[in-house]
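Here is a short briefing on one protein structure. Look at the picture, then read the points below.

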Amino acid sequence: LVERARRELRAEGFPRPLVERFADMRYQGQSYEITVPLGGRGGRDLRARFGALHQARFGTSNPARPVEIVTLRVRAAGKVQGPPAARAAAGGRDGARARIGHAPMIFEGKKVQGARYARELLRAGDRFRGPALISEFSATTVLPPGWSCRVDNRGNLICEVRR
């Protein structure tokens with residue numbers, strides 16, 4: 001299993017795959033197993049590790065009771081380089097270019113007019129105050145009165161209550 005996993009991951013372009021090995025074990029006669037990590041080349045202390053895991057999970061272990069291995073398994077992974085974090089377009093100041101109108105809102109029983117912003121038009125450095133709605137394809141962010149919003153250099157909305 002280990003060699004097959006390594007071979008398949010190398011064929012996919014991962015030169016040094018990480019391969020972990022496990023044994024699903026139980027006391028003879030039980031109907032449930034505990035997954036025990038196999039260290040090194042299988043580990044000579046496998047029985048002791050099973051006993052310790054059984055003790056931790058069920059509050060009991062029995063070193064004299066026969067143990068059986070029900071399943072052997074491997075988990076293999078290849079490390080990939082993540083894409084670089086995208087940077088938001090710079091040059092924002094007050095979000096004016098992203099303002100697309102106004103919307104009536106109710107906060108604490110009071111009707112107020114809040115600015116509406118198009119999320120995709122906001123730029124790094126934009127700052128504005130609530131009440132406001134920030135609309136995008138999959139979500140709407142509500143900025144209550146007394147809150148402020150700024151767009152960081154990754155495009156995140158940092159919303160904070162003003163003190």
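Leaving out residues up to four places away in sequence, histidine 54 touches Tyr27, Gln30, Tyr32, Ile34, Gly59, Thr60 and Ser61; contact means heavy atoms within 4.5 Å. This is a predicted model: local features need pLDDT of at least 70, side-chain atom pairs count only at pLDDT 80 or more, and totals for chains, interfaces and linings use all residues. Residues are numbered from 1 along each chain as its sequence is written, and side-chain values use heavy atoms, with hydrogens and water left out.

**Histidine 54**
- Histidine 54 sits in helix 2, residues 46-58 (helices are DSSP runs of H or I, at least four residues, and strands are runs of E, at least two, numbered from the N terminus).
- Histidine 54 counts as buried because its relative accessibility is 3% (buried means under 20% relative accessible area, with a 1.4 Å probe and protein chains only).

**Nonpolar cores**
- The largest nonpolar core has ten residues, among them Ala98, Phe128 and Val151 (a core is a set of buried Ala, Val, Leu, Ile, Met, Phe, Trp, Tyr and Cys residues joined through side-chain atoms within 4.5 Å).
- Strand 5 (110-118), strand 7 (132-135) and strand 9 (147-151) each supply at least two residues of this core.
- A second, separate core has eight residues, including Ala23 and Leu46.

**Strand pairing**
- Strand 4 (residues 99-107) pairs with strand 5 in the antiparallel sense, over eight bridges (strands pair if DSSP finds at least two bridges between them).
- Arginine 99 stands opposite tyrosine 117 in strand 5.
- Strand 5 and strand 7 run parallel, joined by four bridges.
- Arginine 116 stands opposite leucine 133 in strand 7.

Conventions: Buried < 20%, exposed > 50% of the residue type's maximum accessible area, 1.4 Å probe, protein only.
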